[in-house]
Amino acid sequence: MESLPRLGYGLGLRPVYYDEILSTRPPVDWFEIISENYMIPGGRPLAMLERFRADYPIVMHGVSMSLASTDPLDLDYLKALKALADRVEPAWVSDHLAWTGVHGRNLHDLLPIPYTREALDHVVERIGRVQDILKRRLVVENASTYVSFTQSEMPEWEFVAQMAERADCLLLLDVNNVFVSGFNHGFDVNAFIDAVPADRVAQFHMAGHTDNETHLIDTHDQPIREEVWTLYERARRRFGGVSVMIERDDNFPPFSELLGELQRMRDIDAAIASNASRSAA
Amino acid sequence: MKLSELQSLFQSAVLTGDAEDAAILDIVAPPRDADRPTMMGVYVNAYRLRLAEFLDEDYPALRVLLGDDDFEALVEAYIDENPSRLRNARWYTTRLPEFMQESESWSANALAIGLALFERALTDAYDAADAPAQSIETLAEFSPQDWPCLGFTFHPSLRLIEVAAGTLDAYGAATADEDEARSAEEDEGALEDRPMDANESETIAIWRSDLDPAYRQLDPDEYLALFEAMEGQSFGDICQLVAFQNEGQSATERLARFLVTWFSEGLVIGVAEAK
């Protein structure tokens, strides 16, 4: 299977950091944008994006494709997304295994699905159509979820694995989302990591979440938590050097803190590589 | 249960804001530690919080003018009556000024509506389409006898609004630096209570200059001239339509002076003989 480039260690491109990135040229290998924030007529966001993409690889990550919705695919949205992709020439385009609304409504959230054969057939068919329209392979992310459904016929990881194989799409493994959903629903997060097909994973997401004691919420407004770092190590050992980035969307820290988290990833990966080469010797 | 039915039930619970008694709970699996309404409540709460955040981001001065309680009441009412049908959240907040105009609770507050219209225009100017501005030298391409026939096209970000008198003052007070803002908040009541002729208004042009929104209050004659020019009227027609006889200047001279300003502000993106 064709594989996507390994871009290294990236961050979410957020306006609050624009000036610092431009003035300091920090050691970030690539940036991920929220596609919808740039699906606008013109102005500063697109002008800034042009400047960043001259210096860094860009990946487009969307939140509104509503892949699992039973509403018809929004062709106007997909047309606008393709137009942005044609302009930005991203390394790849991703969105979520989720739905955002039905009956023409949009709840602007990533909503959960039952892991049923019906839902699988539905999502697979839609990913295929999206890939035809975008003329590129889609990268699909596992979302954080807060409810699961009694109708589910398989665990999430089996659904994700079958989806990727049948739709011939790639996967964005959000390590924090695996942890959050695993905690909320009580599933084995290691089983999730171990079951996802290794040759389908093109990217990792890392992020912080909020601990409400009885449940976790994927808020992207905290440092990455220790348990997620542990899971990251497991994912890194299994999936090798796929591209990784940190999502930070609120409670923005000094940029240096995010660079520190990226450095921690590099250190973990270097230690894994070093151990592997020692074992091989 | 079919996927479509499940999604309808789920959405209904979110839109009605009822996580306690929602029918969807019958098919929600037991969470690990929390109870099912709590977990469903994550989606219910996030929905309203997210939409409120969009409004907060686009109307910061309106929040200061109204005060937190009234602004939040407005936001709640808007969310209740305006479930989003938009794929991109960027435009969710666009209808707020019209919502206020149509609402019994806010339609009498001309200053608040004016401020909402103004802040919406700023937001629209921020990401309106790009177009290179023309310099005034463009006019040199036309002979003086062609001038009466010339028409102009303007930057896609340019908006003209006619709003309640005091709108720009209210915006200035709300967006002043922190100390000034505190004092403005103390004066907030005074600003709202200021006696105002319902017919009293001010006219404002809003556009994007380089990459940032810009605005300027217009005198009534410049507003009229710019309005007509944006409608495609020719230089000669605007001179005839607008009675520029104040300050002892001829209509042509006065309009020429406006044109110089419009060019210097980057508002003009095209000059051609009007059809």
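Predicted model: local features only at pLDDT ≥ 70, side-chain atom pairs only at ≥ 80, totals over all residues.
User: Which residue of E10(A) does A:Tyr9 stand opposite, and what makes that a pairing of strands?

Analyst: A:Tyr9 stands opposite A:Val244 in E10(A). Residues are numbered from 1 along each chain as its sequence is written, with chains lettered from A and ligands numbered from 1 in the order in which they are written.

User: How do you know that E7 and E10 of chain A pair, and in which sense?

Analyst: Five bridges link strand E7 (residues 201–207) of chain A to E10(A) in the parallel sense, with A:Ala207 having A:Glu247 as its bridge partner in E10(A). E7(A) also pairs in the parallel sense with strand E6 (residues 170–174) of chain A, over four bridges, and there A:Leu173 has A:Phe204 as its partner.

User: What makes these strands of chain A a barrel?

Analyst: Eight strands of chain A close in the order E1-E2-E3-E4-E5-E6-E7-E10, with parallel pairing, and the twist averages 30 degrees from one strand to the next. That angle is taken between N-to-C directions, on a scale from 0 to 180 degrees, of axes fitted to C-alpha atoms, for helices over the stretch in contact.

User: Why is E10(A) called mostly covered?

Analyst: Five of the five residues of E10(A) (243–247) are buried, the term requiring 20 or more other C-beta atoms, placed from the backbone, within 10 Å of a residue's own. A:Ser243, A:Met245 and A:Glu247 point one way, A:Val244 and A:Ile246 the other way, and all are buried. In a regular strand the side chains alternate between the two faces of the sheet.

User: How do you know that the buried residues of H7(B) line one face of the helix?

Analyst: In helix H7 (residues 167–175) of chain B the buried residues are B:Thr167, B:Ala170, B:Tyr171, B:Ala173 and B:Ala174. Down the axis of H7(B) these fall within an arc of 165 degrees, so they line one face, the arc being that of the directions from the helix axis to the C-beta atoms.

User: Which element gives the largest share of the side of chain B that touches chain A?

Analyst: Contact requires C-beta atoms, placed from the backbone, within 7 Å, and 41 residues of chain B are in contact with 41 residues of chain A. Helix H1 (3–16) and helix H2 (36–58) of chain B each give two or more residues to this side, and H2(B) gives the largest share, nine residues.

User: Which residues touch the most other members of the largest nonpolar core?

Analyst: A nonpolar core joins buried Ala, Val, Leu, Ile, Met, Phe, Trp, Tyr and Cys residues through C-beta atoms within 7 Å. Of the 152 residues in the largest one, A:Val139, A:Val140, A:Leu171, A:Val175, B:Met40 and B:Ala112 touch the most other members. Helix H6 (residues 110–126) of chain B gives the largest share of this core, eleven residues.

How values were computed: Contact = placed C-beta atoms within 7 Å. Buried ≥ 20, exposed ≤ 12 C-beta atoms within 10 Å, placed from the backbone. Pairing = 2+ DSSP bridges.
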